[in-house]
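Work through the exercises below with the model open. Try each task before reading its solution.

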Amino acid sequence: MRSYLIFRCYGPMASWGDIAVGEYRRSYAQPSKSAILGLVAAALGIRRIEEQKLHELGEAFALALCVENEGLPLRDYHTIQTPSASTGPHRTRREELAVDPAKINTLLSSREYRCDALSLVALWNNERARWSLEEVQNALREPTYTLYLGRKSCPPALPLNPHIISAADGVHEAFLTYIREHRMLTDLLTRKENTLRIFSDADADPVSAIKQYERIRRDLPHHRERWQFADREEHCTVLPRPEEDAA
C-alpha cells in the first residue's frame, strides 16, 4: 500500500505555461509539473537560486493530476517596456527602465489563463526523497513563501487542503477516496464533467483504468537560471465520477 499527498488547486485564474515562443503565451488546461514543483518549493522555503534543492525536489516526487474542471480560457493583452539591450542586473523594475528613453522598446504579447479551474494534485516520494510527505503537507498548510497558480497574479482562492491518503490500488483509488471524503470541497463548481481525467507521470503505478492517450509535455525543470525545461511523458486515463458526487 502506498501513501499519496493530495491537495487541490483552485482559483478564479490560473496559468499553466505551455511552450512560449513569440508573442503568444499559451496555457495548458492542466497544471504543469514545473508549476506544481515550484508551488511545493515555495511552501518549503526553497529559493529560486537553490538549484540543487530544486533538482532534488524534482527527482524526489512523482506527480498525478485529477482534473475536476479545466476552466474556461481567457486571453489577456499585454504591452511591456524593455531596454533595447541588457544593462546588467537590477534591483527593481524602475531601475531597469531608468535609461535613455530612446533605448526603451515596447513589446506586445498575449497571455492565456484558465478561469474557475479545479485540479487535484497527488504526490508520492521515492527512496531518494529528502522531504517526507508529512513535511510537504505541513508546508502547504503553512507555506514559507506566497503560493500562486502558475503566475504571481493568480493566487489560490481556497486553502489547498492537503491530506495524506493510503491506497492499495494506485493513485486513482487515492483520488476517488479524497473526493468521497471531501465531497463538499468540489461542490463549488457550477459545471462538472461526467468523468474524471487523470494525468500521471509515465512511471506512475499501474491502474485499472482506460488509458486514453499519451503525450509529451516540456514541463520538467532542467535549469532554473536559463529557464530551460525537459520533456516528460504523460499518460491520461479516464474514470467515471463517483455517483454520489455526480448527483
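**Exercise 1. Find the partner of Pro 83 in E7, then list the strands that pair with E7.**

Step 1. Pro 83 has Ile 104 as its bridge partner in E7. The model is predicted: local features need pLDDT of at least 70, side-chain atom pairs need pLDDT 80 or more, and totals for chains, interfaces and linings use all residues. Numbering starts from 1 along each chain as its sequence is written, and side-chain values use heavy atoms, without hydrogens or water.

Step 2. Strand E6 (residues 72-83) runs antiparallel to E7, joined by 12 bridges. Strands pair if DSSP finds at least two bridges between them. Strands (E, at least two residues) and helices (H or I, at least four) are DSSP runs, numbered from the N terminus.

Step 3. Strand E5 (residues 61-69) is also antiparallel to E7, over eight bridges. Here Asn 69 is partnered by Leu 118 of E7.

Step 4. E1 and E7 pair in the antiparallel sense over nine bridges. Cys 9 has Ser 119 as its bridge partner in E7.

**Exercise 2. Characterise the aromatic pair.**

Step 1. The count is one aromatic pair, with ring centres within 6.5 Å (Phe, Tyr and the six-membered ring of Trp; planes under 30 degrees apart are stacked, over 60 edge-to-face, the rest tilted). Tyr 4 and Trp 124 sit edge-to-face, at 5.3 Å between centres and 75° between planes.

Step 2. Tyr 4 is in strand E1 (residues 2-14) and Trp 124 in strand E7 (residues 104-125), 120 residues apart.

Step 3. Tyr 4 counts as buried because its relative accessibility is 0%. Trp 124, at 5%, is buried as well. The cut-offs for relative accessible area are under 20% for buried, over 50% for exposed, and partly exposed in between (1.4 Å probe, protein chains only).
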